[in-house]
Amino acid sequence: MLRRKFLFKICVVGDGGVGKSTMVKRLITGKYIEQKITIGADLSTYYTNIDDDEIILQLWDFAGERRFQFFLPNYSRGVKGCLLCYDVGRRASFERLYRWYDIIDKTNNPIFVLVGCKNDLGEEKKVITQKDAEIFQNENSINMFIETSSKTGHNIKDLFTHLAIKIYHQEKEKI
Ligand SMILES: Nc1nc2c(ncn2[C@@H]2O[C@H](COP(=O)(O)OP(=O)(O)O)[C@@H](O)[C@H]2O)c(=O)[nH]1
Ligand SMILES: [Mg+2]
């Protein structure tokens, strides 16, 4: 059978320092590499397969600075998936998520994933519980919720695999 190729645009958003760039690097390289501060946006590509089809995730990793939010409504145009990232050890990064959520272009009915980063921090440092996250998820009709760690690699691949599958099924229905 002819292999089909799907390209999905994915936005990775959330406050500066929550671990977005490190997560993308971990996905692509399989390693934990300290990242420099992101200026504007970084683009990366992740290749995977679903059934016999080739899937390309085009990852737009956005800078977390406030002034950059001004560009996001435009830069997120056509997005098929969006990772709303917070740091499980930093309440402010969680409380500001709605600002990111609000400005993402929703015309393509993107799949939203709530991502609790740095889940390797011990219980005593973790201030956002799964329960907190699930409340936000339900209030905003977020499709998925997952906690990850780029340090240990926990859930990183699973996150992007599940996201790709969800988008793939949604897109296939349109064909
Ligand atoms: N403990 C821990 N620290 C992390 C993790 N991911 C990133 N960091 C650290 O958090 C800081 C910010 O990471 P970065 O990826 O630049 O955040 P971004 O601004 O959201 O892109 C860096 O010092 C990272 O080393 C993680 O999974 N666990
Ligand atoms: Mg960054």
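Helices (H or I, at least four residues) and strands (E, at least two) in these legends are DSSP runs, numbered from the N terminus. The views come from a predicted model, in which local features need pLDDT of at least 70 and side-chain atom pairs count only at pLDDT 80 or more, while totals for chains, interfaces and linings use all residues. Residues are numbered from 1 along each chain as its sequence is written, and chains are lettered from A and ligands numbered from 1 in the order in which they are written.

View 1. Let's start with Asn155, which sits in the loop between strand S6 (144-147) and H6. Its phi is near 70 degrees, a positive value in a residue other than glycine. Asn155 has 18 C-beta neighbours inside 10 Å and so counts as partly exposed. Here's how that label works: a residue is buried if 20 or more other C-beta atoms lie within 10 Å of its own, exposed if 12 or fewer, and partly exposed in between, with C-beta atoms placed from the backbone.

View 2. How far apart are the end C-alpha atoms of helix H6? They are 24 Å apart, which agrees with the 24 Å that the 17 residues (156-172) should span at 1.5 Å a residue. That expected span is 1.5 Å times one less than the number of residues. Ile156, Phe160, Leu163, Ala164 and Ile167 are the buried ones here. Looking down the axis of H6, these buried residues fall within an arc of 100 degrees, so they line one face of the helix; the arc is that of the directions from the helix axis to the C-beta atoms.

**View 3. What covers H6, and a closer look at Ile167.** The cover over the buried residues of H6 includes helix H1 (20-29), along with strands S1 (5-13), S2 (41-50), S3 (53-62), S4 (81-87) and S5 (111-117). Now pick out Ile167, a residue of H6. Is Ile167 buried or exposed? With 23 other C-beta atoms within 10 Å, Ile167 is buried. Leaving aside residues up to four places away in sequence, Ile167 touches Phe8, Lys80, Gly81 and Ile111. A contact here is two residues whose C-beta atoms, placed from the backbone, lie within 7 Å. Phe6 is 161 residues from Ile167 along the chain, and their C-alpha atoms are separated by 10.0 Å.

**View 4. Helix H1 and its surroundings.** H1 is mostly covered, with seven of its ten residues buried. Those are Lys20, Ser21, Thr22, Met23, Val24, Lys25 and Arg26. They pack against S1, S2, S3, S4, S5 and H6. After H1 comes Gly30, with a positive phi near 75 degrees.

**View 5. Where H1 meets H6.** Two packed helices are described by the angle between their axes and the distance between the axes. The axes of H1 and H6 come within 9 Å and cross at roughly 85 degrees. That makes H1 roughly perpendicular to H6. For the terms: angles under 35 degrees count as roughly parallel, over 145 as roughly antiparallel, 65 to 115 as roughly perpendicular and the rest as oblique. Axes are lines fitted to C-alpha atoms, for helices over the stretch in contact, and angles run from 0 to 180 degrees between N-to-C directions. On the H1 side you'll find Met23, Arg26 and Leu27, which meet Ile156, Lys157 and Phe160 in H6. The residues of this contact divide into four nonpolar, no polar and two charged.

**View 6. Asn109 in its loop.** Asn109 lies in the loop between H4 and S5. Its phi is near 55 degrees, a positive value in a residue other than glycine. Asn109 counts as exposed, with 8 C-beta neighbours inside 10 Å. Lys80 is 29 residues away along the chain, yet the C-alpha atoms of Asn109 and Lys80 are separated by 7.1 Å.

Key: Ala, Val, Leu, Ile, Met, Phe, Trp, Tyr, Cys and Pro count as nonpolar, Asp, Glu, Lys and Arg as charged, and the others, Gly among them, as polar.
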